[in-house]
Amino acid sequence: MPENITITREGRVVLVTLNRPKQLNALNSALAREIIQELAPLDRDPSVGCFVLTGSEKAFAAGADIKEMSDKSYDEMAEIDFFAEWEIFAKFRTPKIAAVRGFALGGGCELAMMCDYIIASDTAKFGQPEIKLGVIAGIGGTQRMTKLIGRAKSMQLHLTGRMIDAAEALECGLVAQVIPDAEIMDHVMKEAATIAGYAKPVAQVAREAVNRAEELSLAEGLLWERRVFHSLFATHAQKEGMAAFVEKRAPNFRPD
Ligand code: CAA
């Protein structure tokens, strides 16, 4: 049984709750291992259509666990490639939404950005304060945040370590939507159920196509998108989705 996360399931949606509340969900190695171990089989499970990742009311996650790292040497960090396992989480193909309440700082902000998108409660606070600890972001913050919100603001946040609130995060495009704290979990779970109701292979390529925009030139990205669009005409999802529209009925994406 995992000790640092809880996993619950509602239909096709898997809710992952970070569960180190006393440490404000600081991300230690055990938590990272549990996330990968528990979610890897669910990622491959066709009956799972969406992950939701959340924390506590006070903190999504206040960063990587500073106490675990503080005495480490360069050799130790480099030898085990500390934080490398988080890239496995980023590469899971099941759509994933971060529901952020309270602090999402350092590795917490980076974990939220590893999800496909972030929905924030009006209590959320984001930041990359690593510079205050004498380090920089190490789980993708300098890269993902810069692509998400642009160089100027990302640079400001990484150099000053200042926190931004939910309204500022929405304004700069770090989050997709802000929801009152009392309603956020209902809202996100419903949204996740909507995504999970579609055909999983299509949702998977939809997120891959959007993510390609960060990697490819416009010409390459457009061609990749069009070829994948063509290939979806080989799927049950396209036959069923379009037939259902024409026949004025709800689609059934799972024929079993
Ligand atoms: N690592 C380890 N423990 C942490 C932690 C972290 N990142 N953040 C909070 N905690 C612990 C505190 O040490 C404290 O534990 P004790 O009760 O045992 O002392 C407990 O959580 C509660 O924290 P506070 O008493 O500090 O709570 P607060 O409400 O006064 O302040 C806060 C909240 C502003 C978020 C403050 O806890 C804070 O600044 N935390 C650190 C934020 C940070 O620097 N994050 C970046 C970490 S480095 C990183 O993430 C690198 C990377 O790129 C991956």
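This is a predicted model: local features need pLDDT of at least 70, side-chain atom pairs count only at pLDDT 80 or more; totals for chains, interfaces and linings use all residues.
Local features need pLDDT of at least 70, side-chain atom pairs count only at pLDDT 80 or more, and totals for chains, interfaces and linings use all residues. Numbering runs from 1 along each chain as its sequence is written, and side-chain values use heavy atoms, without hydrogens or water.

A polar side-chain atom of Glu-130 lies 2.7 Å from a ligand oxygen. For Gly-138, a polar backbone atom is 2.7 Å from a ligand oxygen. The side chain of Lys-67 places an N or O atom 2.9 Å from an oxygen of the ligand. The ligand exposes 980 Å² when taken alone, and the protein buries 65% of that. These accessible areas come from the Shrake-Rupley method with a 1.4 Å probe.

The chain is assigned domain 1 (5-196) and domain 2 (200-246), with bounds from an automatic or database domain assignment. Their C-alpha centres lie 26 Å apart. Domain 1 gives 14 residues to the contact and domain 2 gives seven, where contact means heavy atoms within 4.5 Å.

About 810 Å² is buried between the two domains, 40% of it on carbon and sulfur atoms. Buried area is the accessible area (1.4 Å probe) that two parts lose on being put together, summed over both. Within domain 1, Arg-93, Asp-116 and Lys-147 lose the most area to domain 2, together 59% of what that side buries.

Two salt bridges link the domains, each a side-chain nitrogen of Lys or Arg within 4 Å of a carboxyl oxygen of Asp or Glu. Asp-116 and Arg-207 meet through their side chains in a salt bridge (2.8 Å, N to O).

Technical notes. A polar contact is a pair of N or O atoms within 3.5 Å; within protein, one must be able to donate a hydrogen and the other to accept it, and residues adjacent in sequence count only if both atoms are side-chain atoms.
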